[in-house]
Amino acid sequence: MKLRAYEQADAGIICQWLKSEKELYQWSADRFNKFPLTAQDINENYAPQIRTGRFFPLTALDEENHVIGHFIIRYPREDDNASVRLGFVILNPAYRGKGCGKEMLRLGVRYAKEHLHAARVDLGVFANNDSAPPPSIVMRRSDSGNSADGNANCQSASGNVLIWNCIRKGRENDR
């Protein structure tokens, strides 16, 4: 597996992996608020964020250069260039349960350390997302590695209000 910069053509592939409104919200919280999602929705959302220089969408490829996964790395705070957050993590359903998601995130942490010089990498996940990776995938903090971020209240495209507990999994870089 290898990573490359996200390309606009990846958006259509990512949309195909989001089969339900629940999957959409577990992937993106309320950042899109529309189901089904289109490639144009993703590209229009990403474009201004990419221009900030603080948002880095990446795509995972298999050995034959097929798109198999995607995630973003972003600086969550304007005043902090040492901490980054992984998000919008998604894997082609055919590759789930085979360790590919863990490998993709390991590559993402390496990218954050080597290219963005991150001292801290964390990953926000919803507590009800059974496929979320364990905290050992991201750089650990000196404590248990997990911290509660509180509840995320997302109103879905169908009008349902989804209230999910959000957990931040992370580690400090041991330099």
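Trainee: Which residue just after α4 takes a positive phi?

Mentor: The model is a predicted one. Just after helix α4, a positive phi of about 55° is found. The residue that takes this angle is H117.

Trainee: How far apart are the end C-alpha atoms of helix α4, and why does that agree with its number of residues?

Mentor: Helix α4 covers residues 100–115, which is 16 residues. The expected span is 1.5 Å times one less than the number of residues, so α4 should span 22 Å. The distance between its end C-alpha atoms agrees with this, at 22 Å.

Trainee: Which residues of α4 are buried?

Mentor: Buried means under 20% relative accessible area. In α4, the residues that count as buried are C100, M104, L105, L107, G108, V109 and A112.

Trainee: Is T59 buried or exposed?

Mentor: T59 lies in strand β2, residues 55–61. Its relative accessible area is 0%, and the cut-off for buried is under 20%. T59 is therefore buried.

Trainee: Which residue's side chain is joined to that of T59 by a polar contact?

Mentor: Leaving aside residues up to four places away in sequence, T59 touches several residues, including K2, Y6, D10, V67 and H70. The polar contact between side chains has a length of 2.7 Å. The partner of T59 in that contact is D10.

Trainee: Is E44 buried or exposed?

Mentor: E44 has its place in helix α3, residues 39–51, and its side chain makes a polar contact of 2.6 Å with the side chain of Q40. The relative accessibility of E44 is 51%, and exposed means over 50%. E44 therefore counts as exposed.

Notes
Residues are numbered from 1 along each chain as its sequence is written. This is a predicted model: local features need pLDDT of at least 70, side-chain atom pairs count only at pLDDT 80 or more; totals for chains, interfaces and linings use all residues. Side-chain values use heavy atoms; hydrogens and water are left out. Helices (H or I, at least four residues) and strands (E, at least two) are DSSP runs, numbered from the N terminus. Buried means under 20% relative accessible area, exposed over 50%, partly exposed in between (1.4 Å probe, protein chains only). A polar contact is a pair of N or O atoms within 3.5 Å; within protein, one must be able to donate a hydrogen and the other to accept it, and residues adjacent in sequence count only if both atoms are side-chain atoms. Contact means heavy atoms within 4.5 Å.
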